[in-house]
Structure formats: C-alpha cells, structure tokens
Amino acid sequence: MGWKAAEKLIRHWKILRGDNVMIIRGKDKGETGLIKRVIRSQNRVIVEGKNLVKKHIKQGEGHTGGIFSIEAPLHVSNVQVVDPVTGKPCKVGYKYLEDGTKVRFARGMNASGAVIPRPEILKERRKPRPASPGPKDTPIELVLEKTYDEKAGIAL
C-alpha cells in the first residue's frame with residue numbers, strides 16, 4: 001500500500017498518539033478508537049481496529065501467505081478528538097493555566113471547554129534507552145575530567 005508524501009504538511013499537530021478520536025468521514029463514520037500511529041510525512045493517522053482493508057501477502061521464508069485484514073491510514077482531517085465530558089467530537093485548542101502549564105482543551109460549538117489530558121502512552125519511549133553503556137559511549141571518568149581552567153584561560 002504505497003502512499004505519496006503529502007503536498008502540504010501540517011506544522012502544528014493537535015492529534016497525538018493515544019488520543020481517543022471519532023472518525024467523521026469514511027466507511028467507519030461515527031466510530032471511536034485510539035490512535036495507534038501518527039504518520040506526519042503523509043498527514044495521516046492509524047486508528048486501532050478501524051478502516052480495515054484486505055491485504056494479500058505472498059508466502060515467503062519464515063511466514064505463511066494469505067489474505068489479512070490490516071488497518072489502513074486515515075487522513076487527519078477525517079478524525080476529531082472526542083471531548084472527555086460530552087463524548088462528542090470537538091476541535092482542540094491550547095491554553096496556559098494559572099500555574100503556567102500548557103494544556104489542550106476542547107473547543108468548538110458544542111464543546112465543554114474541558115482540559116484534554118495528555119495520553120499516558122506518550123510517557124513511554126518507543127525505543128527504550130540502553131541500560132548499559134555501549135562501545136561508542138564515552139566513559140564517565142573522561143566526561144568528568146577537567147580539561148580547561150576558566151580563570152587562567154588555559155588548557156590543562
């Protein structure tokens with residue numbers, strides 16, 4: 001399934017991985033689901049269990065072939081974030097609270113104006129940091145070694 005790169009990319013994304021969204025156009029119109037993946041280069045998102053298409057996969061070494069159902073990407077304009085209070089689709093806005101934190105909130109005609117929480121899945125890294133230093137990592141002794149005297153202006 002080859003998709004072309006989008007002609008005009010969205011700069012400021014308001015839909016994040018893990019958001020609860022409603023599909024507003026297409027064959028799954030009116031259904032809700034969680035965003036599984038965001039494809040920024042194509043302005044598309046993949047919603048869990050929605051927009052299923054049949055894919056014919058040829059048999060090869062180590063796997064069997066057949067016809068499989070996979071989730072196809074939807075254009076980001078065809079989904080909207082669900083308002084956490086009303087359960088209806090709404091637009092997303094940003095504002096600063098009194099303590100200075102930047103939050104997303106539900107905005108639009110029938111929106112409640114409630115704060116939309118940041119998805120918990122974003123706190124996990126997709127690629128975990130390595131626990132032990134690798135062969136290209138600098139040893140901590142060399143990192144902490146003093147090599148320049150700022151007051152004298154000379155290298156040690």
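**A pocket and the sheet beside it**

Let's start with the largest pocket, which holds about 250 Å³ of space. A pocket here is an open set of points on a 1 Å grid over the protein atoms alone, where a 1.4 Å probe fits, with protein on both sides within 12 Å along at least five of seven lines; the volume is the space filled by probe spheres set on the points. Keep in mind that this is a predicted model, where local features need pLDDT of at least 70 and side-chain atom pairs count only at pLDDT 80 or more, while totals for chains, interfaces and linings use all residues. Residues are numbered from 1 along each chain as its sequence is written, and side-chain values use heavy atoms, with hydrogens and water left out.

What lines the largest pocket? There are 14 lining residues, and Lys14, Ile15, Val76, Val79 and Val92 lie nearest the centre; to count as lining, a residue needs an atom within 4 Å of a point. Strands E7 (79-82) and E8 (89-96) are the elements that give two or more residues to this lining. Strands here are DSSP runs of E, at least two residues, numbered from the N terminus. By class, the lining splits into eight nonpolar, three polar and three charged residues, with Val and Ile among those counted as nonpolar, Lys as charged and Gly as polar.

Now zoom out to the sheet. It's an open one of eight strands, in the order E6-E3-E2-E1-E7-E8-E9-E10, with antiparallel pairing. Strands E6 (74-75) and E10 (115-116) stand at the edges with a single partner strand each, so one side of each has no neighbour in the sheet. Two strands pair if DSSP finds at least two bridges between them.

Follow the chain from E7. Two bridges join E7 to E8, and Val81 has Cys90 as its bridge partner in E8. Their hairpin has six residues between the strands, and Gly87 takes a positive phi near 80° there. Next, six bridges join E8 to E9, with Tyr94 opposite Arg104. This hairpin has five residues between the strands, and Gly100 takes a positive phi near 95°. Finally, two bridges join E9 (residues 102-107) to E10, where Phe105 stands opposite Val115.

Two of those aromatics also have a lysine over the ring face: Lys102 over Tyr94, at 5.0 Å from the ring centre, and Lys95 over Phe105, at 4.9 Å. The cut-offs are NZ of Lys or CZ of Arg within 6 Å of the ring centre and within 35 degrees of the ring normal.

How values were computed:
Helices (H or I, at least four residues) and strands (E, at least two) are DSSP runs, numbered from the N terminus.
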